[in-house]
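Open the model in your viewer and keep the sequence panel beside it.

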Amino acid sequence: MSGNPGIWLAAFLTLAIYSFLYRDNPIYRFAESLLIGVSVGFLLVVAFDTTILPKALEPIAAQFKNMSANGASGIPMLIWVIIPVVLGIFMFARFVPGWAWLSRIALALYIGFGAGVSIPATMQSYILKQIEGTIRPFLAINSAWDVFSALFILVGLIAVISYFFFSKAHTGNFGRLARLGTWFLMVFFGATFGYTVMARISLLIGRLQFLLGDWLGLIS
Amino acid sequence: MNIWQRLRNLDRRVIFILMALGVGLPLLTNIGLPVRVTHDVRSVFNYIDKLNRGDVLLLSYDHDTGTLPEMVPMSTAILRHAFSKDLRIIGMALRAEGSAIGRQAFRRVGKEFGKQEGIDYVFLGYRPEITASILGMGSSIERVFPKDDRGIAVSEIPLMQAVHNYGDIAFAISISDDDTPVYWINYGNARYQLKFAPAVTAVMATTFFPFLNSGQIVGMVAGLKGAAEYERLIDHKEMASRGMDAQSIAHLVVIGFILVGNLAYFATRKGKQQ
């Protein structure tokens, strides 16, 4: 059994969280609150240390230093550094009712940047490359299995898209194609659910490895 | 109340106990069930294996602490492989908690191989705003990370002297528990042709299958199973390999519950109809 107080504390908190499986209790709520508090505290420190300090405070201080050494010639660089900082502060104007409109300026810039950058990239990754990925297998067919595989992907794609095409009633042959699409979707959901179960069990495995190994010393 | 009705009204805590036993007992006994290496994991392994000594591998820790049991084994296995090949490794994080986890993994595995920080590897720390960071690194890594996580200027780090942007990086892997690798694909691969692979939690695996089919990613390491496969490839079986015994038995328990649950449902429904 471990003699490390840190391990004992971690084991106590793990068991406190798992105690919820029996029923809700004050020990569980204490551990949950502690987790939230520590996470928020950590994020605040990291955000200050890796963003506010190096991206805002240090550059501004450096530009003021530069200005004191070189005079007015440093002003354009100072403005260049201050603009994004001011826009960042505008984001918090939402909390002051009379000044909330200021946040829209920063948000507009942020949304404009986001849309401008993501639309072409998404088109490239999700549309063009995926169409290419659907057609390309037909260009490298060496066996009957390759033919089946390429056709299977193509039929699956068309069937699923048909299911999400709502400008035509899902009746007749089109309805059958759309229904085929639901089968493909169900296979996807089944695979996703299977992977989710695997992931959740992995988390339990990790905790039990800690409790049985690091804490109790039952696993070598 | 017959047996089927009892099973339908089974206390959920009994299920929790059976699941805990299903996971705990295999961990204690070490059964050693076989793990088959899949094509997706082998592709990542082969790509790293074919890199030349001194090539640069970028590892981004884009996950939180909640998924450590899946993330740490795969990160450790990849780092061991890369260090054994004498690759130079750059670490970074696009999630705040990932910075602490990544830093710890780099120093632990680096020490195992006698590697020197700043020469053989460097950990740059955390940057918020995923899109801007990934895009920015395409033109200048130093502009996004002016200092490493020790506070040393990137310009003064020997490893970084010849590494300026993605053009100097041979391969990148995002160790992630969410869709951050999609950003790497959209901005790193599509825009800068960065060779990339995600190492993700099992939950996220199906999100990336279309990218495997289209060739946008080199391969994929998914979940504890992917980590166990990688451990087998580097011939260094550790916690992931041992965890897979528990994983397999737990899956049998889940399948058992599904079968018994359905049988109980149909048996009691028949009774109700009569």
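Two residues are in contact if their C-beta atoms, placed from the backbone, lie within 7 Å. This is a predicted model: local features need pLDDT of at least 70, side-chain atom pairs count only at pLDDT 80 or more, and totals for chains, interfaces and linings use all residues. Residues are numbered from 1 along each chain as its sequence is written, while chains are lettered from A and ligands numbered from 1 in the order in which they are written.

**Stop 1: B:Leu57**

Select B:Leu57. Setting aside neighbours within four places in sequence, its contacts are B:Ile48, B:Ala82, B:Leu87, B:Ile89, B:Ala170 and B:Phe171.

Buried means 20 or more other C-beta atoms within 10 Å of the residue's own; exposed means 12 or fewer; partly exposed lies in between, with C-beta atoms placed from the backbone.

**Stop 2: strand 1 of chain B**

Select residues 56-62 of chain B. This is strand 1, and seven of its seven residues are buried. Helices (H or I, at least four residues) and strands (E, at least two) are DSSP runs, numbered from the N terminus. Look at the side chains of strand 1. B:Val56, B:Leu58, B:Ser60 and B:Asp62 point one way. B:Leu57, B:Leu59 and B:Tyr61 point the other way.

**Stop 3: across the sheet**

Show all the strands of chain B. Which order do the six strands take in the open sheet? The order is 3-2-1-4-5-6, with parallel pairing. Strand 3 and strand 6 (221-222) stand at the edges with a single partner strand each, so one side of each is left without a neighbour in the sheet. Two strands pair if DSSP finds at least two bridges between them.

Step from strand 1 of chain B to strand 2 of chain B: five bridges join them, and they run parallel. B:Leu57 stands opposite B:Ile89 in strand 2.

Step again, from strand 2 (residues 88-93) to strand 3 of chain B. Four bridges pair these two in the parallel sense. B:Ile89 stands opposite B:Tyr121, and B:Ala93 stands opposite B:Tyr126. Strand 3 (residues 121-126) is mostly covered, with six of its six residues buried.

**Stop 4: two positive phi angles**

Select B:Glu129, in the loop between strand 3 and helix 6 (130-139) of chain B. Its phi is positive, about 60 degrees, although it is not a glycine. B:Glu129 counts as partly exposed because it has 14 C-beta neighbours inside 10 Å.

Then go to B:Gln193, in the loop between helix 8 (180-192) and strand 5 (196-200) of chain B. B:Gln193 is not a glycine either, yet has a positive phi of about 55 degrees. Is B:Gln193 buried or exposed? B:Gln193 is exposed, with 11 other C-beta atoms within 10 Å.

**Stop 5: all of chain B**

Zoom out. Chain B has 11 helices and six strands. Colour domain 1 (3-30 + 246-273) and domain 2 (39-237) separately. These bounds come from an automatic or database domain assignment. The two domain centres, taken over C-alpha atoms, are 39 Å apart. Of the 274 residues in chain B, 48% are buried. Its C-alpha atoms fill a box of roughly 80 × 35 × 30 Å along the principal axes.

**Stop 6: chain A**

Select chain A. It has six helices and zero strands. Its radius of gyration, taken over C-alpha atoms, is 28 Å, whereas a compact globule of 220 residues would be near 17 Å; the globule rule is 2.2 Å times the number of residues to the power 0.38. Buried residues come to 8% of the 220 in chain A.

**Stop 7: where the chains meet**

Show both chains. 36 residues of chain A are in contact with 44 residues of chain B. On the chain A side, helix 2 (26-70), helix 4 (101-135) and helix 6 (172-215) each supply at least two residues. Helix 6 of chain A gives the most, with 17 residues.
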